[in-house]
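Trainee: Could you take one part of this model and walk me through it slowly? I would like to learn how to read it step by step.

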Amino acid sequence: MLKIFKYIFFDLVRSRWTYAYFLFYLALGFVMLFLSNDVSKAIITLMNVIVVLTPLVGTIFGVMHYYNSREFTELLLAQPMKRSTIFIGQYIGLSLSLALSLLLGLGIPFLFYGLLRSSAIWDFGSLLVAGAFLTFIFVALAYIIAISNENRIKGFGYAILMWLGLAIIYDGLFLISLLVFDDYPLDKFALIATMFNPIDLSRILILLKLDISALFGYTGATFKMFLGTSLGMVISLLVLCMWVVIPTWLIYRIARKRDF
Amino acid sequence: MRKSIILTILLSLVGSSYLDAKTIEVCKTCAVSSIAEGIALASKNDVVLVKEGVYAEHDIDISKPITLRGEGNSVIDAENKGYGLLLFSDSITIEKMTVTNIGNSYTKDFAAIYVSKIKYFTIQNCTLTNVFFGMLIEKSHYGVIRHNDISSDAIEESSSGNGIHLWSCSNLQVDHNELQKLRDGIYLEFVSESKIEYNLSHHNIRYGLHFMFSNDDEYHYNQFYSNGAGVAVMFSKRLAMTHNRFSENWGSASYGLLLKEIYDAEIEYNTLERNTIGINAEGATRVNYKHNYFLNNGWALKVSGACYANDFSENNFINNSFDVSYDSKVNDNKFDHNYWSTYTGYDLDKNGVGDIPFRPVKLFSYIVNRTPETILLLRSLFMELLNFSEKVSPVFTPDNLLDNHPSIKKFE
């Protein structure tokens with residue numbers, strides 16, 4: 001598995017798409033920091049970008065990479081190797097190279113800016129952690145979609161729909177259900193519904209770090225208990241881990257049964 | 001009023017130096033070894049000078065116009081047995097005394113310094129530590145409370161007292177005091193024509209400053225931070241609040257400044273930074289909010305029902321999660337000439353005023369008001385889209401709540 005991972009990783013690290021992605025974050029980071037001159041403001045803007053963009057890029061890269069390297073995958077499958085090794089190796093290679101683009105692309109400008117001496121380092125850290133998690137989650141989801149769909153167009157379609165669903169439609173439904181069931185106690189439902197969407201979850205994780213937690217607490221005791229303390233942080237991180245582990249396990253299961 | 005204060009002070013100065021006023025020294029090894037004894041020996045206008053040391057005394061009754069002066073380290077330890085000093089005569093001056101260990105009580109308002117029904121008193125440079133109530137002042141007038149340091153370690157509202165508690169007083173001057181870890185830093189009830197200036201009130205479990213039924217008062221240049229719920233001003237008329245700083249009141253039900261049933265107030269040049277709610281106005285009428293600085297608050301301004309003829313102008317609203325939350329009719333409240341950091345309009349004629357009006361109430365702010373749980377969608381892409389479409393064509397938010405002349409530049 002390590003060999004496959006290494007191969008895929010170095011192949012991707014040299015590809016121009018990864019460079020473009022890296023350069024985009026690099027430019028974004030520099031522009032944000034040196035134009036706004038305020039780290040905390042820059043972090044909020046970056047959060048808006050990361051929470052939307054990393055899932056989208058992860059999804060598209062995941063699907064694209066799977067379909068493009070299909071022949072190579074078939075070649076590998078002819079070798080005496082376990083299927084799980086091949087697919088999980090590919091998955092980790094891809095998501096790690098994307099996550100690295102993000103970390104370096106944003107990390108370098110912040111280092112130049114003197115982040116290590118600034119108090120915003122933890123906020124920034126949580127931003128990067130959430131970004132990396134989102135990359136891993138959405139690449140895995142995209143892989144699942146790609147593996148289960150022979151037809152590329154369909155695969156792309158489903159993948160984009162999945163992104164759209166989690167980034168926008170889910171929130172819309174969430175909002176409507178909150179407004180419709182206004183008369184009932186909703187705080188537990190709202191918290192649980194948030195757990196089922198990695199984008200919402202990482203957004204809240206970052207917001208908690210950015211000290212807007214008091215705003216959440218204003219709403220009610222459950223929110224205060226959950227989001228106003230470190231409990232919320234720990235549980236959010238755990239659920240994000242689950243969001244990585246479960247899809248990866250699904251890739252493994254689907255790949256094992258799949259015919260090529 | 002002020003003239004008469006000065007006259008009195010002058011007279012008392014003249015009196016103490018030229019009439020045969022004497023100084024009675026109190027120390028552990030002197031002929032007079034207790035403060036109560038010293039006061040008993042003193043006659044009108046005398047000075048009781050308390051030398052350094054700890055005096056385990058309580059309920060020290062002062063019923064004649066004298067000066068009680070410490071040397072900075074002259075400590076009255078009340079040993080949780082009752083009041084510290086009791087002031088019952090006009091023209092008393094207390095200086096440089098330290099009073100400590102005033103015990104809690106659920107039936108009596110034990111205070112380090114208790115003042116009742118007197119005039120022209122001065123309490124300055126005193127340190128009151130581990131107190132229940134710091135100063136409890138009732139029905140007294142023309143007093144000066146200055147440069148005092150009051151602290152305690154309040155944990156619960158029900159078992160703690162206020163730093164400076166003023167009840168039914170008038171013409172008081174409270175300035176340069178520091179108050180911490182009490183219930184309310186400064187509490188005023190039925191107090192009129194008084195000035196609260198340059199005080200520092202922080203880490204109190206309820207309010208930094210609490211106004212009730214107090215008319216014609218002013219407070220300027222005070223700092224209130226990290227208090228349980230900020231500053232509350234209720235049921236009062238004709239107030240002036242300027243150059244104060246309300247900050248770090250982060251909590252689930254916290255605000256910088258709460259206004260409830262306020263008429264005719266001037267709120268100017270204040271800074272409100274990092275509060276859950278900057279100003280929470282409920283039933284505020286004819287209040288002018290000018291030149292205030294709202295920075296990094298959750299809600300800069302929350303306006304609830306029954307607010308009429310308020311004027312919000314030339315304020316800076318910068319980086320607040322929500323600028324304005326408004327859940328009643330616009331009435332005749334006015335937003336004009338403010339600077340909003342979220343304003344995205346343009347200024348083609350370069351006159352410093354944006355060409356398109358600004359709507360301070362976002363759709364999201366409106367939704368959160370209706371269903372608070374939706375706060376979980378803060379800064380989500382979906383919400384930004386909704387806000388944008390609402391900005392283009394307002395449907396839900398009050399369409400006449402506008403700032404027609406939003407400033408392009410920040411006010412200094």
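**A close look at one helix**

Mentor: Gladly! Let us start with helix α1 of chain A, residues 2-13: its 12 residues reach 16 Å from the first C-alpha to the last, close to the 16 Å expected at 1.5 Å a residue. The expected span is 1.5 Å times one less than the number of residues. Helices (H or I, at least four residues) and strands (E, at least two) are DSSP runs, numbered from the N terminus.

Before we go on, a word on the source: this is a predicted model, in which local features need pLDDT of at least 70, side-chain atom pairs count only at pLDDT 80 or more, and totals for chains, interfaces and linings use all residues. Residues are numbered from 1 along each chain as its sequence is written, chains are lettered from A and ligands numbered from 1 in the order in which they are written, and side-chain values use heavy atoms, with hydrogens and water left out.

Now, which residues of α1(A) are buried? They are A:Ile4, A:Phe5, A:Ile8, A:Phe9 and A:Leu12. Seen down the axis of α1(A), these buried residues fall within an arc of 125°, so they line one face of the helix. The arc is that of the directions from the helix axis to the C-beta atoms. Here is the general rule to keep in mind: an α-helix has 3.6 residues a turn, so residues three or four places apart point the same way.

As for the words, buried means under 20% relative accessible area, exposed over 50%, and partly exposed in between (1.4 Å probe, protein chains only). On the face of α1(A) turned away from its buried side you will find the exposed residues A:Leu2, A:Lys3 and A:Tyr7. What covers the buried side? Among the elements over the buried residues of α1(A) are α2 (16-36), α3 (39-68), α4 (70-77) and α5 (83-113) of chain A; contact means heavy atoms within 4.5 Å.

Two strands pair if DSSP finds at least two bridges between them. β21(B) also runs parallel to β23(B), joined by three bridges, with B:Glu218 opposite B:Ala240. Finally, β23(B) and β25 (residues 255-268) of chain B pair in the parallel sense over 10 bridges, and B:Lys237 stands opposite B:Tyr263.
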